[in-house]
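Open the model in your viewer and keep the selection tool at hand. The tour goes stop by stop.

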Amino acid sequence: MNEEQFFQALKEKGIELDSDQKLQFHTYYELLVEWNEKMNLTAITDKPSVYLKHFYDSITAGFFINLNERKTICDVGAGAGFPSIPLKICFPNLEVTIVDSLNKRISFLENLADQLKLKNVHFVHARAEDFGQNPMYRESFDIVTARAVARLSVLAELCVPLVKNGGMFVSMKGTAAEDELIDAEKSLSILGVTLKEEHSFKLPEENSDRHIFIFNKTKNSPKKYPRKPGIPNKSPIS
């Protein structure tokens, strides 16, 4: 997917970018490749693949939820900024908080936000488990999302405690999504969310499966979650 195909594909979904936003994506790509030579941000670096598998794929969440209003969104384990930075470029009203456990990635993201002149973007160097227990952030976000971080039963424990009552946990998944949903049923219920919508589609060009689960937060998450770093992954709620 080249740049023009990317812009056209978004336009067909009702997201029309102006010249500044197009330049932001162009600069994002350049910085991603430049920094990737110094540190491991992504295995995908050729331009068409980055525009499809990172930029377009990240924005698909915006096809199904209204992000035009001012909302707070937390991206857990964002890595090189996916999905939250592409979403922020498309929907400038979003107030974005990114948490990541690796300080080098935070340095990249801070530089990226500065170069792209992004406002209301915050970066926190922390383990997701510790971040979720921090009273400053716990149950304070309208939307919490993550992409390619962990299977859903683990991801729910890291993300749901950050969602405010009435907010949304948005999980972006690939081929194994349905199996993950079944495995995560108990943890999702204990943590206080219910499945509101499920969207399945194919990523353009390569036709790989994508699933987006949108969960509504209906009650406070028990205070014991998330548990200490490493425990959710070793011993998912069951």
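Helices (H or I, at least four residues) and strands (E, at least two) are DSSP runs, numbered from the N terminus. This is a predicted model: local features need pLDDT of at least 70, side-chain atom pairs count only at pLDDT 80 or more, and totals for chains, interfaces and linings use all residues. Residues are numbered from 1 along each chain as its sequence is written, and side-chain values use heavy atoms, with hydrogens and water left out.

**Stop 1: two positive phi values**

Select Asn120. Asn120 sits in the loop between helix 5 and strand 3. Its phi is positive, about 55 degrees, although Asn120 is not a glycine. Asn120 is partly exposed, at 34% relative accessible area. Here buried means under 20% relative accessible area, exposed over 50%, and partly exposed in between (1.4 Å probe, protein chains only).

Now select Lys117. Lys117 is in the loop between helix 5 (103-116) and strand 3 (121-125). Phi of Lys117 is near 60 degrees, positive in a residue other than glycine. Lys117 counts as exposed because its relative accessibility is 65%.

**Stop 2: two cis peptide bonds**

Show the backbone at Phe82 and Pro83. A cis peptide bond joins them, with omega about 10 degrees. Pro83 lies in the loop between strand 1 (72-76) and helix 4 (84-90).

Next, go to Tyr225 and Pro226. The peptide bond from Tyr225 to Pro226 is cis, with omega near -5 degrees. Pro226 is in the loop between strand 7 (209-217) and helix 10 (231-234).

**Stop 3: helix 3**

Select residues 47-59, which are helix 3. Helix 3 has 13 residues and reaches 17 Å from its first C-alpha to its last. That is close to the expected 18 Å; the expected span is 1.5 Å times one less than the number of residues. Of the 13 residues, 10 are buried, so helix 3 is mostly covered. Among the buried ones are Tyr51, Leu52, Phe55 and Ile59.

**Stop 4: salt bridges**

Show the charged side chains. A salt bridge is a side-chain nitrogen of Lys or Arg within 4 Å of a carboxyl oxygen of Asp or Glu. The whole structure has 16 salt bridges.

Which residue forms a salt bridge with Glu157? Arg227 does, with the closest N and O atoms 2.7 Å apart. The pair links distant parts of the chain: Glu157 is in helix 7 (residues 152-159), Arg227 is in the loop between strand 7 and helix 10, and they are 70 residues apart. Glu157 is buried, at 0% relative accessibility. Arg227 is buried too, at 19%.

Select Asp142 and Lys164. Their closest N and O atoms are 3.0 Å apart in a salt bridge. This pair also links distant parts of the chain, with Asp142 in strand 4 (residues 141-147) and Lys164 in strand 5 (residues 163-173), 22 residues apart. Lys164 is partly exposed, at 30% relative accessible area.

Then select Glu129 and Arg127. In this salt bridge the closest N and O atoms are 3.8 Å apart. Glu129 is buried at 9%, whereas Arg127 is partly exposed at 39%.

**Stop 5: a buried lysine**

Select Lys217, which lies in strand 7. Lys217 is buried, with a relative accessible area of 3%.
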